[in-house]
Every structure is written in C-alpha cells, then in structure tokens.
Amino acid sequence: MPASTPDSTAIDYDGLIPNNVGLAEDLRVRKALETWHPGYIDWWKTMGPQGGSDGFQNSPVFLRTAVGVGSDNWAKFDFVRMPDYRWGVLLAPKVEGRTIPFGAHKGEPAWQEVPGEYRAMLRRLLVIQGDTEPASVEQQRHLGATAPSLYDLRNLFQVNVEEGRHLWAMVYLLQKYFGRDGREEAEELLKRRSGDTDSPRMLGAFNERTPDWLSFFMFTFFTDRDGKMQLAALAQSGFDPLSRTCRFMLTEEAHHMFVGETGVTRVIQRTCEAMKAAGISDPYDVDRVRALGVIDLPTLQKKANLHFSLTLDLFGSEISTNAANAFNAGLKGRYQEDRLSDDHLLTSATYPVPRPRDGAIVDEDVPALSALNMRLRDDYVADAAAGVSRWNRVFAQTGIDFRITLPHVAFNRRIGEFAAIHADTGGRVVSGAEWERVKGATLPSDDDNTFIASLMRPVRERGAFASWIAPPRHGIDNRPGDFEYVKIEDS
C-alpha cells in the first residue's frame, strides 16, 4: 500500500475533545460533540465503574492515554482520575491514494464522504459497533469491588476507559457524516442499557451478566476477540474515515485481549501450583482442589465453553444477505482482506458451511458472498484456538494432565444454523432430554457460580493477590511488583 502521510499523527489536546481530525476548524461537529459530552460524562458516572465509596471516580489510576496515532510510542502512562480521562476522536494516518479493496467498487478511490446509496447500511454498521462499547462497560461496572489485586483493578479500568473512547470513535462518525440522524443515534447509544428489559443493548452477548473476574477474563479473551475480528473487517472498508477509525481502535483492542489471555493463564498457573503443592494429581478431584482456595480446572473448561458459544452468536447467521450486501457495497470486508489472494469479488466462489441435516452436521458449499459471517467466524475460531494453546502450555510446564479445548461450533447456540438443535461439545446432535444432561456437565452450574463468587474478595494491598490467581510476569509499563496502580481514596 502507499505510504501514510505524516500530517495526521499528532493529537490536539487544547480543546475539550482531544482529536487529530481538525475539530478546531470543524465548528459544526465540534459543537455537536461538545453538546453530547455532558451526557456521556453523566452516563460514565452512572453506568461506569461502581464499588467503594465513590465508584473509584476519585481514585487516581495508572492509565495509558494516546499521545499519537503512529505505530511507535503512541501512548503515555500516568495517574488520572477516570472522569478526567481525555476521551477523544483518533483516526489512524490517512493513506494517500487508497482504493476500495473489495466488492463491486473494487479499485475505485476510497470514499471520503458517505455514498448516498449506502447511507442506511453504513449507519447501521456504525450503530451496532458503537452499541457494544458502552455495553461492556455496563456489564463490568461492579467488578471493581472484588478485584483480586491493584494490578487487575487497573487493567479493568484501562479496558473500561478505552471502550468508552471507542464509543466516541463511532459517535464522531455518526455526528460528522449523518447530521440529525447521527445525532439522534448518538443519543440513543447513551440510553440503552445492558440487560435492561425495556431498552437492552442490541446484541445478545452484551446483555449477559459479567458477575465475577473469571467471567471478565473469559469475556476479554473471547468476546473482545470478536471485537478484533469485526474491527479488522471494518478496517478494510471503502469508507476511509471508518477504515482509519478501526485501524487505530485495533491498536487499543490488543490490550483488552491481553488482559483476558493472561488473566486466564494466571488462574491456571495458580491452580496448578496449588495442586502440585498439595499433592493432588487428579484435576477432577474438584472438592479437594476447591478446598485450596483456587478454581478447579473442569470449571475453567465450563466457563470457556460458555463464553466461546455466546461469542459465536455475535457473528450472526452463517448465511447472511446483509453481510453479502455490505461486502458487495465495499463497506465491510473480510479479516485481513488485503492479504487474501482471490479476486475480492466472490461472485462465483463458494465456501463450506456446516449445517444440521438428518440428525448430523455436514458441510455444504454455499455462495461465498452469502457465507461471509461464516468465513469471519472461522478466522475467529482459529485465532481463539491459538490463544487456548498458549493456556495449555501451563499444564505441560507444570505436569498437570489436563487440556482446555474449544467446543464444537454447534454447541449451546441461539443464533444461526444451530439455534434449532442441541449438540454436545463434540458436535453430536442430541435430544432435548440428553441436552439437559450435557448442559449440566459442560456449562457452569449454580454451584459452580456460587463457588466462584465465594472467592471474589477484594485485595487492595500493594503487591498482593487473591488466593486464586498468580501474579503477572511483568508489570504495566515495566513497573515493579508492588507498584500502587490504583490509589484508592475516599470521596
């Protein structure tokens, strides 16, 4: 691709809203965003982190803040009170001469304005992506009260403030390019609530509870990985402002998945260490393992089964006209579209899709344009499997005979080809009665959740960690093990 121009890498911090999109000169959009800002702050204080005497709003937190949008030295670390965090509008540098890389407009200059015929479709993509960002903050709002360490508390808040910034990213595009319609959509993004009966978030997984820290780690490993895949597909968009927005969001999203992957790794590490010290070799001796104050490995597997299956539903139906239309329009590509070697049109290509047929699951070739959700989900599964393989290294290193595996994609599904059937973790179609037995053995039970909840007690001493999780191998920004990542203060 052509080299990026250097003039859009610096960030203007002089105004209310940090940005590298020229808000100082764009008076209409600046006014719209400044008008939206108080509602956002009210949403943050009402639906953001809760716990402690003030919801940690007065606590200085060791957070990273973007100071540029280049690939190197783009962030700085310092103590910030979360309501004072400088949320802003940040786009990756513009690539001069960029063309639309796929679909019916392949090879045409990338759009700098919204093409009129795709206005409704593009707005819908922005709203759905934008809705997920505040939803995850709402889901995680109570976790600060039970953080297993100051290190983990800080990581939670870093994820939260960056999800908030990602909301700003979508709101900017709505306000900039969609006028009154965009302003109305931006207001609605602050009105919906995760899990609310009357006004829920738009996607099912973002209405689920995140009741404990193991759920948080699984969410950031599995569900934020879906975010990575969706952003990567949108980063290929022929609408250049969206492409640039998502390219920078991916830079921040990497840390969220790091929090999930290393969080689960540390849980596994602590459990294996405790088992070895107690002379327990059987990972299925659940009661003895739990008596050590750690999370047993079969329960870890159940939690992985749950969060993996819930996340798969976020990809939508395997066969989708909407996905085909977005691709053909040049609005949303495939994962790493620019690295694929086909014609990027897909008018005559096919793709295998697993479907239930006569009590079994078989692959059927369908038009590749219709199977784009399936293709993206396959890329996601491969990416998640690589992370799980890194978890399993801990078992090999500690000599514990256990492995975490991903269930079959038909397991525990509510959307798509498998919503009307039941399947076990191996992909075998089962009856409703057998599903009840399968569910009890492969998804977290009430007893499992109660046990996990019993471990969720806050640890706020510098350098200390809860009994069920190991310390990290490295501190944030190379800080020492006893660094005070969050300075908890009374209001």
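Reader: At roughly what angle do the axes of helix 2 (residues 119-139) and helix 4 (residues 179-191) cross?

Author: The model is a predicted one, and the values below are computed from it. In this model the axes of helix 2 and helix 4 come within 10 Å, and the angle at which they cross is roughly 20 degrees.

Reader: Is helix 2 roughly parallel or roughly antiparallel to helix 4, and is the crossing right-handed or left-handed?

Author: Angles under 35 degrees count as roughly parallel, and the two axes cross at roughly 20 degrees, so helix 2 is roughly parallel to helix 4. The crossing of this pair is right-handed.

Reader: Which residues in helix 4 meet helix 2, and how do the residues of the contact divide by class?

Author: From helix 2 the contact takes in Arg119, Arg123, Val127, Gly130, Asp131 and Pro134, and these meet Gly179, Asp181, Glu185 and Leu189 in helix 4. By class, the residues of this contact divide into 3 nonpolar, 2 polar and 5 charged.

Reader: Which helix gives the most to the lining of the largest pocket?

Author: The largest pocket has a volume of about 990 Å³, and the elements that give two or more residues to its lining are helix 2, helix 5 (213-234), helix 9 (321-328) and helix 10 (372-398). The one that gives the most, with 8 residues, is helix 2.

Reader: Which residues lie nearest the centre of the largest pocket?

Author: The lining of the largest pocket has 19 nonpolar, 14 polar and 13 charged residues. Of the 46 residues that line this pocket, those nearest its centre are Ile128, Gln230, Leu314, Phe315 and Lys332.

Methods: Residues are numbered from 1 along each chain as its sequence is written. This is a predicted model: local features need pLDDT of at least 70, side-chain atom pairs count only at pLDDT 80 or more; totals for chains, interfaces and linings use all residues. Side-chain values use heavy atoms; hydrogens and water are left out. Axes are lines fitted to C-alpha atoms, for helices over the stretch in contact, and angles run from 0 to 180 degrees between N-to-C directions. Helices (H or I, at least four residues) and strands (E, at least two) are DSSP runs, numbered from the N terminus. Angles under 35 degrees count as roughly parallel, over 145 as roughly antiparallel, 65 to 115 as roughly perpendicular and the rest as oblique. A crossing is left-handed if the near helix is turned anticlockwise from the far one by less than a right angle, and right-handed if clockwise. Contact means heavy atoms within 4.5 Å. Ala, Val, Leu, Ile, Met, Phe, Trp, Tyr, Cys and Pro count as nonpolar, Asp, Glu, Lys and Arg as charged, and the others, Gly among them, as polar. On a 1 Å grid over the protein atoms alone, a cavity is a set of points where a 1.4 Å probe fits but cannot get out, and a pocket is an open set with protein on both sides within 12 Å along at least five of seven lines; lining residues have an atom within 4 Å of a point. Grid points are joined across faces, edges and corners, and a volume is the space filled by probe spheres set on the points.
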